[in-house]
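Have the sequence and the 3D view ready, and follow along as each residue is named.

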Amino acid sequence: MITTDTTTGSLSGPQIDRLRADFELDEDDLDDLVRDVFDERAAAVNNDGVQAQLAFLSAECQDETALRAWLADAFPGRAADTASPPPRHPER
C-alpha cells in the first residue's frame, strides 16, 4: 500500500508552510506535478525489471505478508500455494 509519510521529507513544517503561502497553493494545485514525478519514478523502476519492481513495492509495504496480500489482490489465482509443502515425487 502506498502511504503518505510527510515526516521523511527534507523540508520542515515551517518551510512547507512558507512555500504554500508564497505560491498560494491548495491541495489541488500540485496534483499534476506529483503525478508527473511519480510517473517518472515508476517508469524508471519498471524499466529495471521484476526485482526492482518488487523491491520498490516492498518498500511501500510493512512486511512480506503485506506485500503478498497486495500481490494476491492484484493477481488472484496466480500465487503458489505456500501453505502446504510441494508434492513429493516418488523415487524411481
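Find Arg-35 and Asp-32 in helix 2, where they sit 3 residues apart, about one turn of the helix. This is a predicted model, so please read every value here as computed from that prediction. An α-helix has 3.6 residues a turn, so residues three or four places apart point the same way. Arg-35 and Asp-32 form a salt bridge, and their closest N and O atoms are 3.0 Å apart. Side chains of opposite charge can pair when their charged atoms come close.

How many salt bridges does the structure hold? There are 2. The other pair to look for is Arg-68 with Glu-64, whose closest N and O atoms are 3.0 Å apart. These two residues belong to helix 4, which covers residues 64-74, and because they are 4 residues apart, about one helical turn separates them.

| Residue | Relative accessible area | Class |
|---|---|---|
| Arg-35 | 45% | partly exposed |
| Asp-32 | 52% | exposed |
| Arg-68 | 46% | partly exposed |
| Glu-64 | 52% | exposed |

The cut-off explains the labels: a residue counts as exposed over 50%, so Asp-32 at 52% is exposed, while Arg-35 at 45% is partly exposed.

Now stay with helix 2, which runs over residues 31-47. How far apart are its end C-alpha atoms? They are 24 Å apart, and this agrees with the 24 Å that its 17 residues should span at 1.5 Å a residue. Just after helix 2 comes Gly-49, which takes a positive phi of about 95°.

Helix 2 is also the place of Val-37. Val-37 has a relative accessible area of 47%, so this residue is partly exposed. Together with Leu-30, Leu-33, Val-34 and Phe-38, Val-37 makes a nonpolar surface patch of about 440 Å².

Finally, step back to view the whole protein. Its secondary structure comes to 4 helices and 0 strands, and reading along the sequence gives the pattern α-α-α-α. Of the 92 residues in the protein, 4% are buried. The accessible surface comes to about 8,600 Å², and carbon and sulfur atoms account for 54% of that area.

Technical notes
Residues numbered from 1 in each chain as written. Predicted model: local features only at pLDDT ≥ 70, side-chain atom pairs only at ≥ 80, totals over all residues. Heavy atoms only, no water. Buried < 20%, exposed > 50% of the residue type's maximum accessible area, 1.4 Å probe, protein only. Areas by Shrake-Rupley, 256 points an atom, 1.4 Å probe, with all protein chains shown as cover. Expected span 1.5 Å × (residues − 1). Patch = residues over 30% accessible without salt bridge, like charges linked within 9 Å, V, L, I, M, F, W, Y side chains within 5 Å. Salt bridge = Lys/Arg side-chain N within 4 Å of Asp/Glu carboxyl O.
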